[in-house]
Amino acid sequence: MRKGMYALLLIVLVSLGVIASGCIGGGTQTSTPQQTQSPTTQTSPTTPTQTTTPTPTETTQTQTTPTTTPTTEEECGSGKIVIWHAMHPNELQVFQSLAEEYMAMCPGVEIVFEQKPNLEDALKAAIPAGQGPDLFIWAHDWIGKFAEAGLLEPIDEYITQDILDKFAPMAREAMEYKGHYYAMPFAAETVALIYNKKMVKEPPKTFDEMKKIMEQFYDPANEKYGIAYPVNSYFISAWAQAFGGYYFDDKTEQPGLDKPETIKGFEFFFKNIWPYMAPTADYNTQQSIFLEGRAPMMVNGPWSIGDVKKAGIDFGVAPLPPIIENGKEYWPRPYGGVKLIYFVKGIKNKEAAWKFVKWLTTSPDAIKTLALELGYIPVLKEVLNDPEIKSDPVIYGFGQAVQHAYLMPKSPKMAAVWGGVEGAINEILKDPETANIPEILKKYQEEILKNMQG
């Protein structure tokens, strides 16, 4: 599931390289972000998330175990709950163990996980025929198109302010679409600043401090640079959205490349970060620069940590630092994704399913298990403040970055935006020093609007 938010156009594939990763999801063992197919002709760049791994369809049924702490049917519900997924085996094993723990407390409940190699197609075929599961697990980028297609069951009657207050803001936003709640969140993903502690003892607290570090280490004559930073629509979204700009607004369902705030963010990146980089947008090249010790910092996601560890780098993770202008903070806001458990239209056992999902997503022990065993970034605020989580530099560092992330748009119309943003970036990259960024962004704003109209 960790590959989901968008199937890239050719131009995106060229620019993103390995980075083509989409919605948030499973496969925490992978070293690159993953990506999910969008049913539209236009596709989206990657965000780290969830992806399907083609494997034979298999049904895994967890076994009810005796419990010494009986609970009432009123507290647990009863009956069978079927969950479809596309998780990797290591993820499934942890989810099964949590389900077994729940069934031990609730012996009247049976939880069954079913693997689907092509989850999206399976759901779209089964749900209208009344043969779908009760729940499925995927990244939040499906919520718009599935809700629009009438394939999801609202859970508005269960969602209280008390429940919403338990989650980070991005997670609260991810579970809702056009006034209805359809899912519950359990993890998130975004990019952050990964720094080499031998070169940078403490992460920069402001962008001015970050710029001084880039200036200090920039030595292109010796192939050393101030920062390693892949350049594509996903990665530089942090700066496009730092001053209040955006690629696409879910509320108005309109693109925003021509907004003054978006233009300012693009100009900031190409004026203040690009000059200290190796002059390439390529993901692999930029990552290699950091792994080889030729840059003190890298902007990347959790999927890159395996390679950082293999390189033997003593590293830390922190959010991209805020820009201070006229006494005001402007936090870079990179795109982020959220892992959800969705409720399916025609769900057969809604009450019992809700009670299990509520337990799984709001239980600190369950979320902490997912974090420590799978590296999932918690969105349950209580867990983010747990001492054991705080002591894990990767989970805590990315967890703090999530607090400033900009939720990947949920509207199906976002599919028309990615190609336009990539086109604008590629045109700027032809000559970043002299590119007329406002005119280029306005040009591609018009192109996106035409594509959205079909």
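The model is predicted. About 40 Å³ of space lies in the largest cavity. Its lining is made up of Val-191, Pro-319, Leu-320, Pro-332, Pro-334, Ala-401 and His-404. By class, this lining has six nonpolar residues, one polar and no charged.

The table sets out their geometry.

| Helix pair | Axis distance | Angle | Handedness |
|---|---|---|---|
| H18 (residues 418-429) and H19 (residues 437-452) | within 9 Å | roughly 155 degrees | right-handed |
| H3 (residues 89-105) and H13 (residues 350-362) | 11 Å | about 120 degrees | right-handed |

Take H18 and H19. Their axes cross at roughly 155 degrees. The two helices are therefore roughly antiparallel to each other. On the H18 side, the contact involves Gly-420, Val-421, Gly-423, Ala-424, Glu-427 and Ile-428. They meet Ile-437, Ile-440, Leu-441, Lys-443, Tyr-444, Glu-447 and Ile-448 in H19. The residues of this contact divide into eight nonpolar, two polar and three charged.

Now H3 and H13. These helices pack at an angle of about 120 degrees. That makes H3 oblique to H13. H3 brings Phe-95, Leu-98, Ala-99, Glu-101, Tyr-102 and Met-105 to the contact. H13 meets them with Lys-355, Phe-356, Trp-359 and Leu-360. Eight residues of this contact are nonpolar, none is polar and two are charged.

Methods: Residues are numbered from 1 along each chain as its sequence is written. This is a predicted model: local features need pLDDT of at least 70, side-chain atom pairs count only at pLDDT 80 or more; totals for chains, interfaces and linings use all residues. Side-chain values use heavy atoms; hydrogens and water are left out. On a 1 Å grid over the protein atoms alone, a cavity is a set of points where a 1.4 Å probe fits but cannot get out, and a pocket is an open set with protein on both sides within 12 Å along at least five of seven lines; lining residues have an atom within 4 Å of a point. Grid points are joined across faces, edges and corners, and a volume is the space filled by probe spheres set on the points. Ala, Val, Leu, Ile, Met, Phe, Trp, Tyr, Cys and Pro count as nonpolar, Asp, Glu, Lys and Arg as charged, and the others, Gly among them, as polar. Axes are lines fitted to C-alpha atoms, for helices over the stretch in contact, and angles run from 0 to 180 degrees between N-to-C directions. Helices (H or I, at least four residues) and strands (E, at least two) are DSSP runs, numbered from the N terminus. Angles under 35 degrees count as roughly parallel, over 145 as roughly antiparallel, 65 to 115 as roughly perpendicular and the rest as oblique. A crossing is left-handed if the near helix is turned anticlockwise from the far one by less than a right angle, and right-handed if clockwise. Contact means heavy atoms within 4.5 Å.
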